[in-house]
Amino acid sequence: MSIEYERIVHIWKNPPNRGEIKDADLVAEGANPICGDKVKIFLKIKGGKIVDASFTGEGCAISIASASLLLDYANGKSIEEIKKLDKEKIMELLELDLSKNPSRLKCALLPLATLKNLKNKEERPGQ
Amino acid sequence: MDVEKIREDFPILERMVNGKKIAYLDNGATSQKPRQVIDAIVRYYSEYNANVHRGVHKLSEESTVAYEDARRKVAEFINASEEEIIFVKNASEALNLVMYSYGMKNITHTSRITISIAEHHSNFVPWQVLAERKKAKLEFLDVDAEGELVGLENASGSDIISLVHASNVLGTINDAQKICKVAHEGGGISVIDGSQSIPHMPIDVKKMGCDFFAFTGHKMLAPTGIGVLYGKKELLEKMEPFLYGGDMIIEVKKEGSKWNNLPYKFEAGTPNIEGAIGLGTAVDYLNKIGMEEIRKHEIELLSYALGKLKDEVTIYGPLDARKRTGLIAFNVPGVHPHDVATILDEDGIEIRSGHHCAQPLHDRLGLESSARASFYLYNTKEEVDRLVDGIKKVKRVFA
């Protein structure tokens, strides 16, 4: 197995940021109905910045690792900054080249797509 | 049956994936094509490409003969007459044809349509839409823990009973003859989705007694884009065309048009000529090997695979190889099927992962998705061994 995939599986086994934030300011849910991946992201916002982030969900190793790594990255940044991220950034975070496995891209991009789908009206960043 | 010799006919089986020789175990999705089928298509385009049923010139005569010859071969293959064989693009189109041309005319708000929870979406969604549009009742037969259809008797009295012959997830082979009997005794018609059965076992629509039998060509060594709807002549004759346009008419006047005879009434426009020729050649190939022989080979492979896999993974459907077609859907506990498929792919082992276009069945089984290995006439025990080793590796990695 490739070293890159091994790293993903390693993260999957004990993913940082997994869990629920009870008093989250924002909650976003996303799913890939085709493969059954589901993710729920919890964000705590202060002064316009994400100060705490976590996720729950079920899915393949790539989608779980992606959620975990993306939320690591999101900490300390604004939602607008995160919404501007693209596929390349996710690949960079995952240290994975999925150009030969385009079918797995959707797994990798689910957490980002979930955050991008956050409607503005739902956002209540920093009172 | 000499599998090594058969493998020589399939150029793609020589292909390397990630530095390993391919073990193609996704035949439930589509089969590979023998050189004979590929050559027949190349020959058509190199030697006698022309539109069918139109010109009087040499090439058109030849292509028409080849196209109609393919129809005759398919008819003989399933024991039907040529006018009962309608070329379509796939099983979905075949089932849509029945839904639109038969269903829209004969189903009303007092009608009952019965399908099962184990249907492929192609035999699920059309009936769901028909029932919604006509306010008819749509009922679902369930499956038991072994994956066997239950409560068929309850379907009696349905106006349409449309069921899968062999499940693309559970592998279970339904008793199509009994299904048709129940449909007819209750005064309804029977539709059988044979996409997963016809590549793997002998089919006789007369013996089965079905009113319609739908299948696709690409799972039985033919190219994509060609499928077949078999329909009983007396029903097809009463039905309105599905698509309107060229070739399906006998006469077109400003005042109105007259429909062509069977089966052309249902084949509007220039058909998939290369596809039909490819399908005819695939039928020749399967006949040469023998459907009974193929079935025997698959039962042997299945028994071998089921024996090796049953302690490694969770298997869905019957454990008795004689009760299923050549496929095994499974899950490695705790590991998403996509990860299973990706890790196997790293070793050149190609399997399917997902819900296999059977979401209601996955819901019924309480699953999001599953992995599926599906075999065909060219697969070997050595490939099964590679699959089993691959799964052991998955379990090690994800432990």
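How does the radius of gyration of chain B, with 399 residues, agree with that of a compact globule? A compact globule with 399 residues would have a radius of gyration near 21 Å, and chain B has 22 Å, which agrees. The radius here is taken over C-alpha atoms, and the globule rule is 2.2 Å times the number of residues to the power 0.38.

Before going on, some ground rules. This is a predicted model, in which local features need pLDDT of at least 70 and side-chain atom pairs count only at pLDDT 80 or more, while totals for chains, interfaces and linings use all residues. Residues are numbered from 1 along each chain as its sequence is written, and chains are lettered from A and ligands numbered from 1 in the order in which they are written.

**Chain B overall**

The C-alpha trace of chain B spans about 75 × 55 × 30 Å along its principal axes. Chain B has 13 helices and 18 strands (DSSP runs numbered from the N terminus: H or I of at least four residues for helices, E of at least two for strands). Buried residues make up 51% of its 399 residues; a residue is buried if 20 or more other C-beta atoms lie within 10 Å of its own, exposed if 12 or fewer, and partly exposed in between, with C-beta atoms placed from the backbone. Of the contacts in chain B with a separation of 6 or more, 69% are between residues 24 or more positions apart. Two residues are in contact if their C-beta atoms, placed from the backbone, lie within 7 Å.

**The eight-strand sheet**

Chain B has an open sheet of eight strands, in the order 4-11-10-9-8-5-6-7, with mixed pairing. Its edge strands are strand 4 (85-88) and strand 7 (149-150), each of which pairs on one side only. Two strands pair if DSSP finds at least two bridges between them.

Take strand 10 of chain B. Five of its five residues are buried, and both faces are covered: Phe212(B), Ala214(B) and Thr216(B) sit on one side, with Phe213(B) and Phe215(B) on the other. In a regular strand the side chains alternate between the two faces of the sheet. The two pairings of strand 10 look like this:

| Partner of strand 10 (chain B) | Sense | Bridges | One facing pair |
|---|---|---|---|
| Strand 9 | parallel | three | Ile192(B) and Phe213(B) |
| Strand 11 | antiparallel | five | Phe212(B) and Gly231(B) |

Helices also lie across this part of chain B. Helix 4 (residues 91-106) lies across strand 4, strand 8, strand 9, strand 10 and strand 11, at about 35 degrees to strand 11. For these angles, axes are lines fitted to C-alpha atoms, for helices over the stretch in contact, and angles run from 0 to 180 degrees between N-to-C directions.

**The four-strand sheet**

Another open sheet of chain B has four strands in the order 14-15-18-17, with antiparallel pairing. Strand 14 (314-316) and strand 17 stand at the edges with a single partner strand each, so one side of each is left without a neighbour in the sheet. The twist averages 30 degrees from one strand to the next. Inside the sheet, strand 15 (residues 327-331) and strand 18 (residues 370-374) pair over four bridges, and Leu327(B) has Ser374(B) as its bridge partner. Helix 10 (residues 291-309) of chain B packs on the sheet, touching strand 14 and strand 15, and its direction makes about 10 degrees with that of strand 15.

**A helix in chain A**

Over in chain A, helix 2 (residues 61-74) has 14 residues and should span 20 Å at 1.5 Å a residue; its end C-alpha atoms are 20 Å apart, which agrees. That expected span is 1.5 Å times one less than the number of residues. Twelve of its 14 residues are buried, including Ile62(A), Leu69(A) and Ala74(A). Just after this helix, Gly76(A) takes a positive phi of about 90 degrees.

Glu95(A) is not a glycine, yet its phi is positive, about 50 degrees. Glu95(A) lies in the loop between helix 4 (87-94) and helix 5 (105-116) of chain A, and is exposed, with 12 other C-beta atoms within 10 Å. His356(B) also has a positive phi of about 50 degrees without being a glycine, but counts as buried, with 23 C-beta neighbours inside 10 Å. In chain B, the peptide bond from Leu262(B) to Pro263(B) is cis, with omega near -5 degrees.

**Where the chains touch**

The contact takes twelve residues from chain A and eleven residues from chain B. The chain A side has seven nonpolar, four polar and one charged residues; here Ala, Val, Leu, Ile, Met, Phe, Trp, Tyr, Cys and Pro count as nonpolar, Asp, Glu, Lys and Arg as charged, and the others, Gly among them, as polar.
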